[in-house]
Amino acid sequence: MNILVLNCGSSSLKFQLIATDLERIANNKDARLAHGQIERIGGAGIVTLIADGKTSHRSATPVRDTKSAVETVVRWIASETSGIDEIKSLADIHAIGHRVVHGGERFRQSVLITEEVLCGIEDCIELAPLHNPANIKGILAAREIFGGIPQAAVFDTAFHQTLPEKAYLYALPYQLYRRHKIRRYGFHGTSHRYVAYRYRTILNLPREQVNVITLHLGNGCSIAAIKGGNSIDTSMGLTPLEGLVMGTRSGDLDAAIIEFISSKEGLTVQEVETLLNTQSGLLGISGLTNDMRELLAEANESGDRRARLAIEIFCYRASKYIGSYLAAMNGAEAIVFTGGIGENSAEIRRLICERLSWLGIELDAQLNESFTGGREGVIGADAARLKVYVIPTNEELLIARDTARLIGESKPSG
Ligand code: ADP
């Protein structure tokens with residue numbers, strides 16, 4: 001079965017085309033056929049289309065809206081120029097899997113999209129006003145283009161729906177939770193779930209024996225405490241703003257700062273929220289960039305003080321979270337690094353781990369240096385109490401697999 005995985009943002013579309021089905025999943029024989037993205041939808045349009053191992057195409061072409069973006073991708077996939085042998089026409093794409101950001105309390109797992117599900121995703125718009133509308137546009141565009149083929153929704157929040165009340169409730173008047181569902185939801189769930197699944201596959205453990213702390217460090221960053229295979233705490237909250245320091249997001253701060261900035265700088269609450277989401281984090285502290293690779297170069301090669309400071313604050317916050325999750329879990333067996341920074345930067349992993357030796361976390365310096373560019377395995381010292389792993393994430397694969405499984409389950413047996 002060929003499954004098109006779509007991740008529709010407000011001005012971008014990322015896609016992967018993955019061949020998978022229940023048999024391929026069982027044998028770990030899924031195959032990515034194509035991937036790419038369209039950026040600046042609604043404007044100039046930067047189109048990147050790659051047929052794995054075959055062709056690649058990059059162009060600047062105006063793309064009007066999400067539907068045109070999906071059409072551009074699909075037309076190319078089905079065209080001869082893409083060189084994808086498995087796809088001769090639209091009919092060779094059998095299902096669509098969508099990344100949906102917010103599933104609220106309603107969606108605890110992936111689902112096939114029906115009218116009722118679509119209404120449920122709409123109901124969550126209040127909780128994710130920037131993201132869910134873009135996801136809905138993607139679903140409607142795919143429906144127009146493909147007609148009635150199965151579509152599945154895989155939610156960023158779903159994996160964290162196992163958080164207990166004590167972890168998801170804020171210490172606010174309880175009626176605010178009752179009235180507005182203000183609580184911690186957590187995001188990056190598909191990524192945390194994928195690396196926890198890889199961890200137990202590598203160690204050949206049953207799900208219930210997975211006790212790990214997973215760190216997703218990319219542009220957005222979050223950390224999850226996974227006990228008995230379930231997420232029991234995570235750093236992002238009602239929105240992705242809370243928790244770790246990120247590329248452009250502040251992460252945790254004193255809530256009173258919002259009013260303070262608002263009055264000192266003459267900004268509205270919305271403007272302050274935008275500042276916290278888009279001008280803070282690594283970019284805000286360094287005044288240079290939100291890109292960790294560039295920041296490391298500035299700190300190491302040019303000796304830039306604020307670049308170094310941004311890196312220090314980023315790592316210090318991550319170390320503190322690991323310490324607090326070890327308390328929340330009453331101990332763990334391993335910590336797992338993933339995401340662009342977690343998978344590639346030995347220096348950041350070293351800086352995060354070096355103040356955790358008292359807790360039993362210690363890296364093998366040489367191994368750590370050698371893990372970059374998609375390598376999976378252990379980087380911790382043999383004698384350390386906690387193991388440390390690097391496990392590259394693959395959210396798209398999990399979305400494709402969930403879609404294939406849902407279709408498999410929905411077919412009448414016999
Ligand atoms: P997203 O969250 O958008 O999916 P990624 O997971 O790709 O992003 O992570 C992007 C981040 O990873 C950027 O800050 C980038 O600089 C960083 N990164 C990628 N490669 C390296 C590297 N070799 N060293 C340090 N940081 C890296």
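**Around the ligand and beyond**

Tutor: Let us begin with one contact, bearing in mind that the model is predicted: an oxygen atom of the ligand lies 2.9 Å from a backbone N or O atom of Asn 219.

Student: How much of the ligand's accessible area does the protein cover?

Tutor: Taken on its own, the ligand has 580 Å² of accessible area. Of this area, the protein covers 71%.

Student: Which helix gives the most residues to the shell around the ligand?

Tutor: The elements that give two or more residues to this shell are helix 11, residues 292–301, and helix 13, residues 339–344. The one that gives the most, with four residues, is helix 13.

Student: How many residues of the shell are polar by class?

Tutor: There are 13 residues around the ligand, and Asn 219, Asp 291, Met 292, Arg 293 and Gly 340 come nearest. By class, the shell holds three nonpolar and two charged residues, while the number of polar residues is eight.

Student: Turning to the open sheet of eight strands, which strands stand at its edges?

Tutor: The strands follow the order 5-4-3-2-1-6-8-7, with mixed pairing. An edge strand has a single partner, so one side of it is left without a neighbour in the sheet, and this holds for strand 5 (55–60) and strand 7 (111–112).

Student: In strand 3, what is the bridge partner of Phe 15?

Tutor: Strand 2, residues 13–19, runs antiparallel to strand 3, residues 31–39, and seven bridges join them. Within strand 3, the residue that is the bridge partner of Phe 15 is Gly 36.

Student: How far apart are the C-alpha centres of domain 1 and domain 2?

Tutor: The domain assignment of the chain gives domain 1 as residues 2–155 and domain 2 as residues 206–395. Their C-alpha centres lie apart by 28 Å.

Student: Finally, what radius of gyration does the chain have?

Tutor: The chain contains 16 helices and 14 strands, and its C-alpha atoms fill a box of roughly 55 × 55 × 50 Å along the principal axes. With 414 residues, a compact globule would have a radius of gyration near 22 Å, and the chain agrees, with 22 Å.

How values were computed. Residues are numbered from 1 along each chain as its sequence is written. This is a predicted model: local features need pLDDT of at least 70, side-chain atom pairs count only at pLDDT 80 or more; totals for chains, interfaces and linings use all residues. Side-chain values use heavy atoms; hydrogens and water are left out. A residue is near a molecule or strand if one of its heavy atoms lies within 4 Å of it. A polar contact is a pair of N or O atoms within 3.5 Å; within protein, one must be able to donate a hydrogen and the other to accept it, and residues adjacent in sequence count only if both atoms are side-chain atoms. Accessible areas come from the Shrake-Rupley method with a 1.4 Å probe; for residues, only the protein chains shown count as cover. Ala, Val, Leu, Ile, Met, Phe, Trp, Tyr, Cys and Pro count as nonpolar, Asp, Glu, Lys and Arg as charged, and the others, Gly among them, as polar. Domain bounds come from an automatic or database domain assignment. Two strands pair if DSSP finds at least two bridges between them. The radius of gyration is taken over C-alpha atoms; the globule rule is 2.2 Å times the number of residues to the power 0.38.
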